[in-house]
Number of protein chains: 6
Amino acid sequence: MPTYHIEMMEGRTVEQKRKLVEEITRVTVEVLGGSPESVDILITDVARHNWATGGKLWSEPR
Amino acid sequence: MPTYHIEMMEGRTVEQKRKLVEEITRVTVEVLGGSPESVDILITDVARHNWATGGKLWSEPR
Amino acid sequence: MPTYHIEMMEGRTVEQKRKLVEEITRVTVEVLGGSPESVDILITDVARHNWATGGKLWSEPR
Amino acid sequence: MPTYHIEMMEGRTVEQKRKLVEEITRVTVEVLGGSPESVDILITDVARHNWATGGKLWSEPR
Amino acid sequence: MPTYHIEMMEGRTVEQKRKLVEEITRVTVEVLGGSPESVDILITDVARHNWATGGKLWSEPR
Amino acid sequence: MPTYHIEMMEGRTVEQKRKLVEEITRVTVEVLGGSPESVDILITDVARHNWATGGKLWSEPR
């Protein structure tokens with residue numbers, strides 16, 4: 001039942017996502033119990049011009 | 001004032017979305033009261049490689 | 001698989017929520033297909049001092 | 001530490017976003033204290049056919 | 001129409017929130033145009049034991 | 001920089017959350033790279049009467 005939303009900077013490969021959701025589901029079941037099938041994970045790829053830290057978009061030079 | 005966020009697997013048509021928001025707004029007003037204009041609905045189309053259940057992306061064979 | 005997040009002003013009864021999730025699930029299946037079991041709905045009750053429109057919290061006089 | 005998610009209709013320029021995150025970070029630090037570096041802002045551009053008000057998608061004629 | 005969600009550590013006063021939503025609405029209208037009434041802001045107060053950075057909850061000693 | 005939001009049914013202990021955020025941060029760094037300090041995790045405890053599956057709140061008998 002736990003539902004994850006993960007926001008990450010765009011550019012990660014499907015292979016990285018594949019590995020990440022496998023691992024997250026595994027540790028979730030280890031720590032919280034329940035079945036793997038109850039774990040939902042939704043990933044959002046965020047463009048660098050849509051994420052800011054310190055008042056500056058990540059598409060800008062730092 | 002109720003604000004909906006709906007995440008659905010990509011691939012639904014605009015016609016389906018048009019019908020869905022009409023119906024959701026209607027039942028919301030019926031049950032909660034208020035005016036239709038106070039109901040906001042935001043839809044996110046999620047790619048199959050960005051949604052996992054049971055530790056597996058929906059872009060992978062099952 | 002569609003996942004709903006509904007934010008509403010605090011104060012709605014469990015009976016209203018019970019009716020709302022029943023209706024939303026019904027119209028979702030009608031319009032998008034799929035099984036009722038694939039529809040998840042999460043409700044957030046928002047306090048009036050945590051929601052603002054027009055630059056003013058809803059806990060303030062209007 | 002405050003984390004902002006801003007959903008806006010698609011079509012705003014990067015220059016508008018650049019200015020917006022700068023200003024939001026500034027007022028956040030003024031009002032809440034903390035350092036600018038602790039403020040994260042994530043922007044979502046929403047297509048007109050994915051946002052509805054009053055039961056009608058914004059891609060439809062009004 | 002822009003919709004803000006702000007997550008902040010619990011403990012801010014209503015007066016701080018009052019000032020924050022006023023300022024955010026003002027800068028939003030300045031930068032994006034539109035009317036103040038079109039700006040919605042939802043605040044979530046997050047408990048220190050529900051926010052982690054670097055693998056550690058903020059309720060733990062650092 | 002990856003930011004996680006985890007929604008789980010209320011009732012988990014702080015010890016479970018402490019372990020979960022530690023493990024999630026660890027696997028995130030393993031798979032995506034980056035530093036642990038760049039991983040933020042926000043947890044939402046959802047009441048059983050605010051989560052529905054199959055058109056039925058989890059506070060209702062099944």
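This is a predicted model: local features need pLDDT of at least 70, side-chain atom pairs count only at pLDDT 80 or more; totals for chains, interfaces and linings use all residues.
Residues are numbered from 1 along each chain as its sequence is written, chains are lettered from A and ligands numbered from 1 in the order written, and side-chain values use heavy atoms, without hydrogens and water.

The axes of helix α1 (residues 14-32) of chain A and helix α1 (residues 14-32) of chain F come within 9 Å and cross at roughly 160°. Axes are lines fitted to C-alpha atoms, for helices over the stretch in contact, with angles from 0 to 180 degrees between N-to-C directions. Helices (H or I, at least four residues) and strands (E, at least two) are DSSP runs, numbered from the N terminus. α1(A) and α1(F) are therefore roughly antiparallel.

An open sheet of eight strands has mixed pairing and the order β4(B)-β3(B)-β2(A)-β1(A)-β1(F)-β2(F)-β3(E)-β4(E). Strands pair if DSSP finds at least two bridges between them. β4 (56-57) of chain B and β4 (56-57) of chain E stand at the edges, each with a single partner strand, so one side of each lacks a neighbour in the sheet. Two bridges join β3 (residues 51-53) of chain E to β4(E), and the two strands run antiparallel. T53(E) stands opposite K56(E). α1(F) lies across β1 of chain A, β3 and β4 of chain E, and β1 and β2 (40-46) of chain F, at about 140° to β2(F). Contact means heavy atoms within 4.5 Å.

How values were computed. Angles under 35 degrees count as roughly parallel, over 145 as roughly antiparallel, 65 to 115 as roughly perpendicular and the rest as oblique.
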